[in-house]
Amino acid sequence: MNRSVNRPLEPQQRAIVIGASSGLGAALVRLLASHRYRVAAVARREAELAALRDELGREAVLPYVHDVTEYEQAPLLFDQITRDLGGLDLIIYAAAVQPPVSLHEYDFAKDEAMLRTNLMGAVAWLNLAATRFERARGGHIVGISSIAGDRGRVGSPVYNTSKAGLDTYLEALRNRLSRYGVSVTTIKPGFIDTELLKNASKTFWVITPEEAAALTYEAIRRRKQVVYVPSRWRLVSLAVRSIPSTVFRRLSF
Amino acid sequence: MTNVKSVSTSHKSRPTSLYEGANLSAAHLEEVPSWGGASSGISYVYRPSTIESLYELLMLARRSGRTVGLRGGGNSYGDAAMNSENIVVDICRMNRILEWDPRTGVIRVEPGVTLAQLWQYVLEDGWWPPIATGTSFTTMGGSAAMNVHGKNAFKMGPIGDHILEFDLMLASGETITCNREENRDVFFAAIGGFGMLGIFTSLTIQMKHIYSGLLDVESEARGDLAGMFAYFDEYAADSDYIVGWIDSLAGGRHTGRGDVHRANYLAEGVDPNPAQTLRLENQHLGPNLFGVVPRSIMWLFMRPMMRNWGLRFVNQGKYLAGSFTGVKRYRQPHVQFHFLLDYIPDWKKAYEPGGLIQYQPFIPKENAYDAFSEILTLCQRRGLPNYLTVLKRHRPDDFLMTYAVDGFSMAMDFRVTNENRQRIVWMTRELDEIVLHAGGRFYFAKDSVLRPEVAEAYLGADTIARFRTLKHRCDPDGLLETDLWRRVFGD
């Protein structure tokens, strides 16, 4: 069993990354480990997690195989992880799915999968972290959302919904928890070169997961509230959000 | 083990348990800080009020697969009363005085009874606790587990020397009685055993008879460490209490200079009106600073001075004031002399936000002068002088995990900041070498930095093996743990 020893004068930062097996999640695990964090990496895919642990070392990365849609497992696993880590300072929810959806498709199974992974899983995990951080009077919650949450578009109604829901949930958590010294950061990336992007049609300003992770880490370090990654997406978002609905519905993206 | 009292069976007949289920409730999560505030952890904190609920908590720990750490007043400077990510049982609500005999001065108390509660209870009958720590917020359970001492350690030893008997709940829930005959091995290991063998459920302690609520106090400044040591040699025989304050920022030929205070009980008949001086209302902590600054906000004024130049200035002033006035003699209520740390409430806030740690080595008298000179000089050379330094004289005792020596201890408070954290750790490793070389020992109540190899070096592998054997007997499943235990004795 992993049981960390607290050395009072040599405190170690401890983090949970959910959705750690690939993309931004995996890049964040690497980056946190390089900043001397002890990271619990949670994801569905065992082989990828094992590779991450072998790459970064058993001391730095503790892998946990878990499907975030199995909500009822979250409380016990969260307890076990906090004990194995010997505490918790930071939790990052980075799990997301985005199956390809055509313009005339209304497939409930796909839609449900997105809501379950992108939104419900986040609520299951971050509620646990919120409870703990509120009592501990400190801690940092980070949700990886998306610019996709800023408007409902013709291309991906439920993906947009899941991210918009996540944004609102994180905002509410921030409003609830800031009085207890808990920070909540919403990360809104544009296009990152990951598996999620392989179904996207038109992309631009694509950055690597490593670049996105570096910007995310900086936002965490500075305890920012809502951060676009990279920051120029904030202007795009501002423009997109200001387009009247009557015009927006005629646009093709 | 003999004399096994069955744990009260009433819990079996209770319709419901106080703590249901296999899982710990997040509602009990709390931040549990070290007293010095340099570290903290999150724990499931429970505050049982009865022996039955204590037993149920042990069962809850078993069901949930967590360990139990015990916490009294939470005055240990480091992680002795912390059990991060596990259960912390805070015994403060078990604070009843069970028996008191004003003719013999023998008192039986629950573990959560504080020193303040104790002295206030016995004073009017003409008694005083045999050992008084620098703060009165300590509990008797915690004091016994840490085997604390006071400014009379050279004469009266640690509190363990005045504990006649205790009841100890083992991890199984059974309670055993321990004294110098019955369960003798557990008696000498549980006192000073930092809560690893069992939970004190009652303690019987011998109080000290006094004939006045006042002490005869004498203070004097000494120009260097040799002078400080000489004072102890000169006065130990005919003093009841001696404590030295060292100006740790003074270097060169002034190294180790400071003030010494000694105090004596008033003999019978000396106090013309003991009934008055023994009254609670005549035991007060002292006047406001300069007569105007309320004590509750004094820490605010200390705060800006908590840096090297600030303390140099303050210490210089304090030392010079002491040396100009020469030998001062006065009478002082017990409380004022003993509970200096309570005089300025919240004084540790002056060390925020990083908190403080204390490093207190105990060194045999023949090596103490050299070792302490070396330690003071090293701290100055590293640019990490400590901000409060207290010198005391000790005598050895019979407890298994003892810290005591026939010699001196020097308690040093270091301010911790993010910038100096790592440097303090490195320096304490250098200090460890000096202490071990001088045959010194360490004290769990104060410790934050002890490493397994250092503990083994001063305690000896045999002693640790004996302690582990006893722990295995009293707590076979390793239910009782703290952060300190895992840090120093963990696998």
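Colleague: What distance separates the centres of domain 1 of chain B and domain 2 of chain B?

Modeller: This is a predicted model: local features need pLDDT of at least 70, side-chain atom pairs count only at pLDDT 80 or more, and totals for chains, interfaces and linings use all residues. Residues are numbered from 1 along each chain as its sequence is written, while chains are lettered from A and ligands numbered from 1 in the order in which they are written. Domain 1 of chain B spans 27–92 + 467–485 and domain 2 spans 93–209, with bounds from an automatic or database domain assignment. Taken over C-alpha atoms, their centres are separated by 19 Å.

Colleague: Which element gives the largest share of the side of chain A that touches chain B?

Modeller: In all, 16 residues of chain A are in contact (C-beta atoms, placed from the backbone, within 7 Å) with 24 residues of chain B. Helix H3 (74–85) and helix H4 (108–136) of chain A each give two or more residues to that side; helices (H or I, at least four residues) and strands (E, at least two) are DSSP runs, numbered from the N terminus. The largest share, four residues, comes from H4(A).

Colleague: Which residue of E2(A) is the bridge partner of A:Arg14?

Modeller: A:Arg14 is on one side of E1(A) with A:Ile16 and A:Ile18, and these are buried (20 or more other C-beta atoms, placed from the backbone, within 10 Å of a residue's own). E1(A) pairs (at least two DSSP bridges) with E2(A), residues 38–43, in the parallel sense over five bridges. The partner of A:Arg14 there is A:Arg38.

Notes. Contact = placed C-beta atoms within 7 Å. Buried ≥ 20, exposed ≤ 12 C-beta atoms within 10 Å, placed from the backbone.
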